[in-house]
Amino acid sequence: MISFWDVIGRSESGTLVKEEEFDWKVAQTAREIVERYDIRYDPEQVVPSDEDLVDRVYQAGLDLFLELGMFCRDTGRVLKFTRKEVEQALKHAPTTVTYGQGKDLAVMACRSIEDTRPPFCLCTPVGAPVAEERFVPMVQSFAQEPLADTFSSAFSQTVHGRPIKSGTPQEVEAAIWNVIKLREAAKAAGRPGIGIHNLVSNAEQTDAILAAVQADFGVLPNDGLAIAAISELKIDYERVKKVAFLRNSGHNKYGLYGPLMGGYAGGPESTAVVLVAHHFLGLLAFEAQWHCCFPLHIHHFCNTTRELLWLISIATQALSRNTHLLVTISPFAAAGPCTEMVVYEIVANVLASTVSGGDLNLVAVASNRHPERATGMEARIGAEAGHLAARQGMTRTHANEIVKRLLDLYESRISDAPLGKRFDECYDMETVQPMQKYLDLYEGCKKKLSGFGLDYS
């Protein structure tokens with residue numbers, strides 16, 4: 001088995017390469033492997049059912065990783081691994097991860113294609129910018145959702161009225177504040193023991209993040225942190241420092257991967273292959289217990305376009321069919337809260353992910369760019385759709401039919417999506433409950449979705 005120290009050693013002894021050279025090598029090798037395995041995107045099969053294609057995507061991702069390895073920015077070296085080493089790591093990868101305490105204890109387990117077990121739902125505003133005075137109500141709106149198995153953080157724009165600057169004492173203070181306020185939100189939601197899957201989202205430097213991961217600030221033993229790969233297939237020591245801490249603690253850790261379709265990863269076929277390869281990076285370099293993916297369109301900064309839905313579905317199926325890795329998808333919608341379009345985007349992504357064997361990290365909206373545009377209602381929309389699809393035994397063929405009908409409703413509007421309403425326009429700030437206009441909008445959308453075959457009755 002590859003050890004942590006093997007990874008460190010290879011980051012110091014691997015072949016020296018310029019970063020730009022590695023980037024172009026990713027692009028070139030991904031294109032060649034797509035041709036080698038005859039992988040073709042079919043816009044009519046947004047949720048594919050071709051298992052031979054699924055297996056070819058998996059093998060292509062494995063080949064890509066074995067040929068390229070990963071690049072360490074701090075040393076300028078490429079870390080390579082053998083097929084046997086990757087297979088050994090896959091064999092010993094976790095099959096479950098536990099979060100929370102008491103009545104809020106929740107277990108994430110690996111899912112298979114067309115699994116009838118509901119997806120694990122991690123409910124979070126995915127780093128949405130929010131004023132510090134509304135931080136607790138916003139994250140509470142996610143934590144209090146009945147289908148939330150864990151929750152996480154928004155991004156406070158200031159702490160104690162001061163902007164957060166990376167590498168400063170203020171960043172350490174901000175990280176500690178972040179953790180304290182998250183647990184405060186959990187208590188306000190009536191769920192003091194709910195797990196927090198990513199404890200800190202408003203700090204970059206590892207020293208600030210680890211300073212905040214303390215029981216005195218409300219951290220539970222099996223809360224956790226994300227460790228994000230750098231696109232594409234790159235790491236640095238700032239990230240690996242987290243691994244050194246987390247592997248010696250009781251805290252959970254997960255890999256976070258966001259390849260850009262239209263960048264070095266290329267088109268939908270090659271980006272799907274690159275996404276699969278990132279999971280091997282996370283397993284070996286980060287010792288990730290589970291894996292969260294958010295591939296994005298380089299221009300629209302969402303993953304609800306037709307091509308992105310296809311590559312999410314095919315990559316998730318490839319991993320679910322050929323490994324027991326815990327694979328989670330994070331939907332990024334173009335539209336903002338309290339719009340019909342955001343409902344249809346979320347449901348399309350959730351259906352494509354759920355029937356492909358994925359769990360759900362819910363959710364980023366308004367392209368994750370606009371302050372105050374996130375509410376717990378979007379997490380509710382996604383979690384309910386995922387649970388319904390699984391419990392109704394939805395097949396990939398059925399999901400494909402529904403997703404295409406949903407695309408007909410919003411696809412032409414992706415580049416000019418409605419911004420929607422702010423959090424304080426969607427929720428009562430006293431009760432932290434959604435306003436009736438949002439509930440009514442969602443009820444109207446559910447009637448249409450039921451007509452498409454996702455039965456809310």
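Here are legends for a few close-up views of this predicted model. Residues count from 1 along each chain as its sequence is written, and side-chain values use heavy atoms, leaving out hydrogens and water. Local features need pLDDT of at least 70 and side-chain atom pairs 80 or more, while totals for chains, interfaces and linings use all residues.

**View 1. R373, a buried charge without a salt bridge.** R373 sits in the loop between β20 (359-362) and α12 (376-391); helices (H or I, at least four residues) and strands (E, at least two) are DSSP runs numbered from the N terminus. Buried means under 20% relative accessible area, exposed over 50%, and partly exposed in between (1.4 Å probe, protein chains only). Lys and Arg count as positive, Asp and Glu as negative; His and the chain ends are not counted.

View 2. Rings of Phe, Tyr and Trp (its six-membered ring) pair if their centres lie within 6.5 Å; planes under 30 degrees apart are stacked, over 60 edge-to-face, the rest tilted. W24 belongs to helix α2 (residues 19-36) and Y264 to a loop, 240 residues apart.

**View 3. Y41 and W310, both buried.** Their ring centres are 5.4 Å apart and the planes sit at 70°, so this pair is edge-to-face.

**View 4. A ring cluster.** Ring pairs join Y58, F65, F81 and F280.

Definitions and conventions: Salt bridge = Lys/Arg side-chain N within 4 Å of Asp/Glu carboxyl O.
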